[in-house]
Amino acid sequence: MSIRGLVIGKFYPPHRGHKHLIDTARPHVDRLTAIVCAKPEQVPSGELRAGWLREIHPDVDVRLVDDCLDPDDSQAWAEYTVRSLGYIPDVVFTSEEYGEPYARFLGCRHVLVDLARQSMPVSGTQVRADPLGCWEYLEPPVRAYYAKRVCLVGAESTGKTTLARALAAHYGTVWVPEYGREHSERKLAEDGAYHWNSTEFVLIAENQCRLEEAAARNANKVLICDTDAFATTLWHRRYLGFPSPEVAAVAAAHRPPDLYLLTDVDTPFVQDGTRDGEAIREWMHDAFIEELSAQGRPFRLLSGSYGERFRAAVAWVDALLECPRVASTDG
């Protein structure tokens, strides 16, 4: 006869204390179910938290239910659990004092795991209050959600890629290269010229988002991006002369950066064999300011020498890591 186990909680958000509980339970049962209790107003949402648990524990049956009962009414929760599952579990694993009465009302065995939080001294409340301070207790998909995102944008030959690399090294984190550059170089090598269409820019925007989400899982509190889908909307205008609703839709659907760093055009234009925008650098720069401001995207302007830009960038990123948001400005 198979043994069916249960863990239940808000997992708000999942952290390594939860992982320790589930990892402790899993070898002792044939089937383990995790019930995620969520309220509509909670951020991150219950759907997201359940999805994270499914990724972290692919061999666990994760169920999402409404958190609609008095948290101190163990009998009501036990009855609700049986209705939700359609059966009585054989054993419930908890790290809470409510575990024993809850299991008694369920009519099953209870296993208490690390009530004193000695193995994993962390709680969901702590994570929500200071996710960066709890970084070591978060799994990759949860880190991707909480990592601050900084995006460098600007006209051609203004040092974005160099700064992105340097900032990533400074913060011991990862950075996201510009997919559009890779696409452009391949296109130039194959065709010998640039002949663009809107479909290509949609592809570039989608791939940029994909690369960003993949890299965010490996970020060390902050993710550095060399451009994003929003910037792709401006490059579409630059090459085709009109905006693309499709590219704009990709950008609008993607999580926006917490801060944009706009590189000024007060640097010499360096030809690397692929660039063709020297004559319109001022236009591109002004277009970035216009669109960043119009869309309310928070940004800071980086001007001067490379050293000045790097020091200013570090100051703004440091401020971002200490504060939840940065006000939108062009200064």
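## Close-up views of a predicted model

**View 1. W175 meets its partner in the sheet.** W175 has I224 of β8 as its bridge partner. Strands β7 and β8 are parallel and share 2 bridges. The model is predicted: local features need pLDDT of at least 70, side-chain atom pairs count only at pLDDT 80 or more, and totals for chains, interfaces and linings use all residues. Residues are numbered from 1 along each chain as its sequence is written, and side-chain values use heavy atoms, with hydrogens and water left out. Strands (E, at least two residues) and helices (H or I, at least four) are DSSP runs, numbered from the N terminus. Two strands pair if DSSP finds at least two bridges between them.

**View 2. Five strands form an open sheet.** The 5 strands follow the order β7-β8-β6-β9-β10, and their pairing is parallel. Which strands stand at the edges? They are β7 (175–176) and β10 (299–302); each has a single partner strand, so one side of each lacks a neighbour in the sheet. Strands of a sheet pair through backbone hydrogen bonds, either parallel or antiparallel.

View 3. Strands β6 (residues 148–154) and β8 (residues 222–226) run parallel, joined by 5 bridges. V150 stands opposite I224, and L152 has D226 as its bridge partner. Helix α9 (residues 198–216) packs on the sheet and touches β6, β7 and β8; its direction makes about 155° with that of β8. Contact means heavy atoms within 4.5 Å. Are the residues of β8 buried or exposed? In β8, 5 of 5 residues are buried. Buried means under 20% relative accessible area, exposed over 50%, and partly exposed in between (1.4 Å probe, protein chains only). V222, I224 and D226 point one way from β8, while L223 and C225 point the other way.

View 4. T227 is buried, at 6% relative accessible area. Setting aside residues up to four places away in sequence, T227 touches C151, L152, V153, E178 and Q208.

**View 5. α3 packs against α4.** Helices α3 (residues 74–85) and α4 (residues 99–106) pack at about 50°, with axes 8 Å apart. Axes are lines fitted to C-alpha atoms, for helices over the stretch in contact; angles run from 0 to 180 degrees between N-to-C directions. The two helices are therefore oblique to each other. Angles under 35 degrees count as roughly parallel, over 145 as roughly antiparallel, 65 to 115 as roughly perpendicular and the rest as oblique. On the α3 side, the contact includes W77 and V82; on the α4 side, it includes Y102 and F105. By class, this contact has 7 nonpolar, 3 polar and no charged residues. Nonpolar means Ala, Val, Leu, Ile, Met, Phe, Trp, Tyr, Cys and Pro; charged means Asp, Glu, Lys and Arg; the others, Gly among them, are polar.

**View 6. α10 and α11 pack together.** The axes of α10 and α11 (residues 245–253) come within 8 Å and cross at roughly 165°. The helices are therefore roughly antiparallel to each other. Contact residues include F230 and H236 of α10, and V247 and V250 of α11.

**View 7. C134 is a buried loop residue.** C134 lies between α5 (124–129) and α6 (140–146). With 10% relative accessibility, C134 counts as buried. Beyond its neighbours within four places in sequence, C134 contacts V122, Q126 and V127.
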